[in-house]
Amino acid sequence: MAGAAPTTAFGQAVIGPPGSGKTTYCLGMSEFLRALGRRVAVVNLDPANEGLPYECAVDVGELVGLGDVMDALRLGPNGGLLYCMEYLEANLDWLRAKLDPLRGHYFLFDCPGQVELCTHHGALRNVFSQMAQWDLRLTAVHLVDSHYCTDPAKFISVLCTSLATMLHVELPHVNLLSKMDLIEHYGKLAFNLDYYTEVLDLSYLLDHLASDPFFRHYRQLNEKLVQLIEDYSLVSFIPLNIQDKESIQRVLQAVDKANGYCFGVQEQRSLEAMMSAAVGADFHFSSTLGIQEKYLAPSDQSVEQEAMQL
């Protein structure tokens, strides 16, 4: 994108299954970033997204509509959404023309929730790859509903999906357990939350599955899936409560580290002022919400304690 400064742009590609909280995340993160002083542009890449709660700088619905595709080609919602992404891939000049005037903004891309788009279909990955050639550094932010932690079988499935997504999308990657403020409503966890966020010894999950008569017949299959996940050793999660500024800050730090975004002194001052207002006149990162204190992994707590002493 010639003639604009700065030449390098940064952003997040927000992905995840339907109902994981992608649109809510884009709203909360955009408000947080604007409070820090960043110029934010939210881009809706989901043609099925209607009634957007955030101010949308670019909407793929202007290029192609899911309803029109379904009517014209007699496709269902899944096939229609795949076609829409293939259509976007074939019309990347439209997307570039929309993004060109926004150079200098921090981008949030609200992506479709179709799982296969991030696990084996190539259209969305090719769109991200083309953006990289435009010098747009993205981090994939993959949201997973935290209620899956309450079911060992579902959690192993989530781990497989997260791993497949990380390998397929080919972007710096941050996995989030969303809706942490609701996790206590989903039922009691078999282990502490750090077991799930750090993806510790999964053999304990196999023991839980073995107590179920149905899964007992598939123990060897589950053992192989667990072995695959542990052999790659790539998947971990950050807990997210979108209502908690300190939780959002923790996610933003991981995202900025992943794509190399560096902010100036003024943004740090804005962050400190905002967090001071959230926790009181005396600014201490130790005064996090109880959900953070309760569920952070020990390694994360030690890092945060060191940061408090600076």
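Let's start at Tyr87, which sits in helix 3, residues 77-90. Helices here are DSSP runs of H or I with at least four residues, strands are runs of E with at least two, and both are numbered from the N terminus. Tyr87 is partly exposed, at a relative accessible area of 31%; buried means under 20%, exposed over 50%, and partly exposed in between, using a 1.4 Å probe and protein chains only.

A quick word on what you're looking at: this is a predicted model, where local features need pLDDT of at least 70, side-chain atom pairs count only at pLDDT 80 or more, and totals for chains, interfaces and linings use all residues. Residues are numbered from 1 along each chain as its sequence is written, and side-chain values use heavy atoms, with hydrogens and water left out.

Back to Tyr87: together with Leu73, Leu75 and Tyr83 it makes up a nonpolar surface patch with about 320 Å² of accessible area. Patch members have over 30% relative accessible area and no salt bridge, and nonpolar side chains are joined within 5 Å. (A salt bridge is a Lys or Arg side-chain nitrogen within 4 Å of an Asp or Glu carboxyl oxygen; the areas are Shrake-Rupley values with a 1.4 Å probe.)

Seven strands form an open sheet in the order 3-2-4-1-5-6-7, with parallel pairing. Strands 3 and 7 (238-239) are at the edges with a single partner strand each, so one side of each has no neighbour in the sheet. Pairing takes at least two DSSP bridges between two strands.

Zoom in on strand 2, residues 40-44, where five of five residues are buried. In a regular strand, side chains alternate between the two faces of the sheet. Here both faces are covered: Val40, Val42 and Asn44 are buried on one side, Ala41 and Val43 on the other. Strand 2 runs parallel to strand 4 (residues 106-110), joined by five bridges, with Val40 partnering Tyr106. Three bridges link strand 2 to strand 3 (residues 56-59), also in the parallel sense; there Val42 pairs with Cys56 and Val43 with Val58.

Next, helix 6 (residues 123-133), whose buried residues are Ala123, Leu124, Val127, Phe128 and Met131. They line one face of the helix, because down its axis they fall within an arc of 140°, taken from the directions from the axis to the C-beta atoms. After helix 6 comes Asp135, with a positive phi near 65°.

Finally, the cysteines. Cys149 is buried, at 2% relative accessibility, while Cys160 is partly exposed at 24%. Counting cysteine sulfur pairs within 2.5 Å as disulfides, the model has zero.

Conventions: Patch = residues over 30% accessible without salt bridge, like charges linked within 9 Å, V, L, I, M, F, W, Y side chains within 5 Å.
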